[in-house]
Amino acid sequence: MSALRQIAAVSAINIRSLPQRIGTSSVVVIGIAGVVAVLISVLAMSTGFIKTLQRTGPEHRAIVVRTGSSAEIVSVLTNDAALTIANAPGIKKDRDGRPLVSPETLLIVNLKKKDGDDATAPFRGFTQDGFAVHPEIRMISGRAFRPGLTEMIVGKSAQRLYSGLDVGAQVKLRGATWIVVGVFDGSGSSHDSELIADKQTLNSAYQRGNGEQSVWVVLDSQRGFQAFKDAITTNPQLQVDVSTEEEFTAQQSSVISTILKIVAYVVGGIMAIGAIFGALNTMYAAVSTRSREIATLRAIGFGPAPVVISVFVEALLLALIGGAIGALIAWVLFNGYSVNSAGGGFGGQLIFDLAVTPALVGLGITWACVIGLIGGLFPAIRAARLPVATALRAV
Amino acid sequence: MKYFMLIWAGLWRKKTRTVLTMLSIVVAFLLFGLLQGINQGIKAGLGDTSNNRLWTTNRMSAINSIPVSLMDRMMTVKGVRNVAHLSFFGGYFQDAKNAIPAFATNIDKLAIIYPELNITQAQVAAMKATRPGALIGRPLAKKYGWKVGDKIPLGTTIWTNNDGSNNWAFDIVGIFDPLPGSHGNPLASAFWINYDYWDEARQFDKHRIHQFFVQVDDPAHSAVIAAQIDKLTENSFDETRTQTENAALQSRLKQFADINFIANAIVGAVMFTLLFLTANTMMQSVRERIPELAVLKTVGFTGAKVSVLVLIESLMLCLFAAVVGLILSAGAIKIVGSVLGPATLLPIVVIFGLVIAVALAIVSGLPPAMRAQRLNIVDALAGR
């Protein structure tokens, strides 16, 4: 019991004397804040990217592309294939008993961003059934496109990024002039980055015949997937790959998110090493300015353990403050910050928001504590080994 | 110079602190060199490419195809010397995860337009003689251990052949050794196959390719020639966009612009954080030695001399650590470069790094140096 009281007493003295050492202590705080802010920001990019690509609808869905196609955009399916797929088992039916199937065309078009740069946007075509298969697409202004007309609807992120996509605007693309008739909310999915129009109209504007890139189906249950997949993949007329939406999107986002993770851990790791040196310096300085005080404590009967632990407590406290500041900086600056980038097997630009999640904040604080502990370790040992007599004599 | 020992002794007055401070500066410059080296290295790779090449792609996007027949019409444009073309094969080896940069081309023209690939006439002749032949870059051959004579099965994510399968096989007829300096170029580690063979064997989108490489007689005429090439297809369904190679590469990089911006912001944050650490520690180190500086003044050093001594000490520390950090980053870039491609530590990055080191030394050394100069001997000796 007395050991605990000693620890508490020494730690309290330490912490109360912190304001006197504000200059050197700020080194630990700012160093760790920098590490945590960078780590969390880069990982927030990766998390946001994954979140957007993997935001799936409320229903179990499957996507069918041609064998070996790693992305919708490089897949080609014939109309016959789409009809065969629609008749497969395991597909959920709507109230009229029709299967919930959406054959979709996807191409990419050049648009001007609001800052004047060229960028490529994905342009999707589906039939009216597409809305039933993708209930996450909801109109927020204007109305849906009508079949047979060169009308398009635009995702809310796309509308923010590109110029000239307001409702009523005309968009001149190759082969046709499209009229923007509505803006939709894709519920945070990658559809928010897209333009969508009637599939037949899109195909004829781009002279694409009757084919499509992919077929999306709603499954009647999670178990329906196996029946559906078996029926499709054993059909010799079809050369297609079937995946659940989750599998498909996970594979789409893996490359970019892996790159971002490597960047975060390599840059964050190197920075952390720098911050450890800074923390060591500060804690050594703290121990040496208090060496007489520590020696006095030892002389009047305090054991080495309370001294060691008090140094740790101080380092940990500073690290926690630094970690919290770093997480706060990342959250204030970047949470919800919208960026766009190519990649993800998506074809055009994907627009996504950075996401600073509680898990990331937890990771950042953990890193902060580890840096603080390592930074406190060697100075704590030195404090414990301080020869009492010499230290007391030192001026 | 005669004060060197004095400065040296001051520097090592507290060994642990000096070493730790130095290490954090080393880390800061390691990161600086690494991130800037990659960033600038990629940009320099862009500026390096010769400008007598134009790239023609589908105006809609680079992954849409254009008719190969355009080639003959392009040759009629004044100033066009040679035209080669490229089509994406979307190849992979054994597993879709092992993507192989395989392209179909007319190899004879490609060899002329890209002399840095170092494709010999004998290799071109071998390709002509073997229809399912493939010519591969040394880096790719090394990676998979492929040799001339090997038959390589490739899957493709795009093309089905006449058998209805997407499994193809090619015979390696040659391995070319790209000239030094072009190793970062993706074309240098490509898997080239014969367009004629591939076009006959595939099921759809026949007679269409993805990109033309146009060699012009004079880079000064590039803009005019590009406009004339695009005029050939104006108002047709296959409108083209022709850009110089540089412009095309740059606009592709711009697609990643936002991520680039954030990466730069990170470098800023890293440098600020680590430099703050260092400056703070160095100021503290001088502060502790105020009585010693007072002694120096007592024995006759002028205020100016003492402040110069303090500044030189901080310069030595910063410059030495910065040089070590930059050397380490050069090593790190080599490792990264072998994975990422074009990344080198350019002299400009080194110079910029040294300038930052000097600035750091002045920022962290100047306030204590000024203080040392204005030092009141009596007060300082009394520890006030």
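Two residues are in contact if their C-beta atoms, placed from the backbone, lie within 7 Å. With that in mind, welcome to this predicted model, in which 44 residues of chain A are in contact with 43 residues of chain B.

**Where the chains meet**

On the side of chain A that touches chain B, two or more residues each come from α2 (22–54), β2 (101–112), β3 (118–126), α8 and β11 (338–341) of chain A. Helix α8(A) gives the largest share, 11 residues. By type, this side of chain A divides into 22 nonpolar, 19 polar and three charged residues.

Helix α8(A) deserves a look of its own. It covers residues 245–289 of chain A, and at 1.5 Å a residue its 45 residues should span 66 Å; the end C-alpha atoms are 61 Å apart, which agrees. Along the way, α8(A) bends by about 45° at A:Ser254.

**The nonpolar cores**

The largest nonpolar core has 143 residues, and A:Ile40 and B:Leu31 touch the most other members. Helix α2(A) supplies the largest share of this core, 19 residues. Leaving aside residues up to four places away in sequence, B:Leu31 touches A:Val267, A:Ile270, A:Met271 and B:Val270. Another core lies apart from the largest one and includes B:Met74, B:Val80, B:Ala104 and B:Tyr114 among its members. Here are the two cores side by side:

| Core | Residues in the core | Some of its members |
|---|---|---|
| Largest nonpolar core | 143 residues | A:Ile40, B:Leu31 |
| Another core | 50 residues | B:Met74, B:Val80, B:Ala104, B:Tyr114 |

**A walk through chain B**

Chain B has 384 residues, and 40% of them count as buried. Its secondary structure comes to 14 helices and 13 strands. Among the contacts in chain B with a separation of 6 or more, 81% are between residues 24 or more positions apart.

Strand β1 (residues 53–58) of chain B runs antiparallel to β13(B), and five bridges join them. Within this pairing, B:Thr56 stands opposite B:Thr242 in β13(B). Strand β13 (residues 240–244) of chain B has four of its five residues buried, so it is largely enclosed by the rest of the structure.

Is B:Pro178 buried or exposed? A residue is buried if 20 or more other C-beta atoms lie within 10 Å of its own; B:Pro178 has 21 C-beta neighbours inside 10 Å, so it counts as buried. B:Pro178 and B:Glu116 are 62 residues apart in sequence, yet their C-alpha atoms are 5.9 Å apart in space.

Definitions and conventions: Residues numbered from 1 in each chain as written. Chains lettered and ligands numbered in written order. Predicted model: local features only at pLDDT ≥ 70, side-chain atom pairs only at ≥ 80, totals over all residues. Buried ≥ 20, exposed ≤ 12 C-beta atoms within 10 Å, placed from the backbone. Expected span 1.5 Å × (residues − 1). Bend = angle between axes of the 7 residues up to and from the residue. Pairing = 2+ DSSP bridges. Nonpolar A, V, L, I, M, F, W, Y, C, P; charged D, E, K, R; others polar. Core = buried A, V, L, I, M, F, W, Y, C linked by C-beta atoms within 7 Å.
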